[in-house]
Amino acid sequence: MNFIGKQTLRGLISGALLAVPALAGADTLTLGSVSDNVKKHLARFEPLAAYLADELADDGITSVEVRVLTSSSDMTRALADQEVDLFFDSPLVATSVADQAGGYPFLRRWKDGVATYHSLIIVPSGSDIETLDDLVGHRIGFQEPDSTSGFLLPAALMRRAALELHQLRDRDALLPPDEVGYVFTLDDKNTLTWLHRGWIDAAATDPDSFAELDAALPGQYRIIAQSVDVPRQIVVRGGHVSPALAERLAQVMTNMHLTEHGRTILEDFNETNRFDAFPDGIDATFEPIREVLSELRALDLY
């Protein structure tokens, strides 16, 4: 089911999630997100929706909706069908959706105050694994199939090293000796916990999570590989969004951090620091992302 939250009372009423049909027409702006936790994401986006509704009231936007879908394929369809105008997600998922739906990378979002990030592959300091090649015959923990730092970037990194990846049914499944076995843990904290308990031999994670791990257990884990840097999160605009509206949206969103009210809304939006343009340009930013996607698709990993 597709859920829509409004910045009016049609969103959350007395804590209940209300499902309503999408409004059509140029006077409605729809923000899109993909998550299994619909209620959480509606609540997260509501303040931003209200802010944009206020700022764009004189530009012909009479309402702003938040639409949370449970899969990237559903979002691809919604963006292509003009049911979503702006889509927020991690760089590989957002780029894939944009390319398939005729959308465009629009803005960079500094989620959690971070502009760019990458993936790390880590092992216990006492491990005999020194390089990616040494992972053959071992188990690595990935977060989940749509995780940029927890699966997509490290999987592409390992494939570039010509390693054969084999998905395991669970962490105890038999592992072919000439391949790297991987198992999904479904949460980054699970991945690090499994590594700490010795249930896996290596883990894919992000720099912040590794820093927290190293602070809690100094020197007990080390990095053996690092992926390319990518934007922390991307805002995609639908191809149907007019140039005039796109320009106005960019102006409003990139200026939010300049006012106290705007900074408050950003902070409430998952500790966002700001929105900005891609400093290296769209082509330079997205060429390596599309290369990663191409490699993953060729291997049926995404």
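In this predicted model, helix H5 spans residues 188–196, and its buried residues are Asp-188, Thr-191, Leu-192, Trp-194 and Leu-195. How are these residues placed around the helix axis? They cover an arc of only 160 degrees, so they lie on the same side of H5. The buried residues of H5 are covered by several elements of the chain, including strand S9 (120–124), strand S10 (139–142), strand S12 (180–184) and strand S13 (202–205). Helix H6 (207–216) and strand S14 (221–226) are also among the covering elements.

The two ends of H5 can be looked at in turn. At the start of the helix, a side-chain oxygen of Asp-187 comes to within 2.8 Å of the backbone nitrogen of Lys-189. Just after the helix, Gly-198 has a positive phi of about 80 degrees.

The next topic is charged side chains. Side chains of opposite charge can pair when their charged atoms come close. The count of salt bridges in this model is eleven.

One of them joins Glu-83 and Arg-67, with the closest N and O atoms 3.0 Å apart. Which parts of the chain does this pair link? Glu-83 sits in the loop between helix H2 (72–80) and strand S6 (86–89), while Arg-67 belongs to strand S5 (residues 63–69), and the two are 16 residues apart. Glu-83 has a relative accessible area of 24%, so it is partly exposed. Arg-67 has a relative accessibility of 7% and therefore counts as buried. Both residues also belong to a network of salt bridges that links Arg-67, Arg-77, Asp-81 and Glu-83.

A second salt bridge is formed by the side chains of Asp-276 and Arg-108, at 2.8 Å from N to O. Here the pair links distant parts of the chain: Asp-276 is in strand S17 (residues 275–276) and Arg-108 is in strand S7 (residues 104–109), 168 residues apart. Are these two residues buried or exposed? Asp-276 counts as buried because its relative accessibility is 16%, and the cut-off for buried is under 20%. Arg-108 is buried too, with a relative accessible area of 8%.

Arg-169 and Asp-170 provide another example, their side chains meeting in a salt bridge at 3.6 Å, N to O. Arg-169 counts as exposed, since its relative accessibility is 70%. Asp-170 is partly exposed, with a relative accessible area of 30%.

Definitions and conventions: Residues numbered from 1 in each chain as written. Heavy atoms only, no water. Salt bridge = Lys/Arg side-chain N within 4 Å of Asp/Glu carboxyl O. Helix = DSSP H or I, 4+ residues; strand = E, 2+ residues; numbered from the N terminus. Buried < 20%, exposed > 50% of the residue type's maximum accessible area, 1.4 Å probe, protein only. Arc of directions from axis to C-beta. Contact = heavy atoms within 4.5 Å. Polar contact = N/O pair within 3.5 Å; in protein donor to acceptor, adjacent residues only side chain to side chain.
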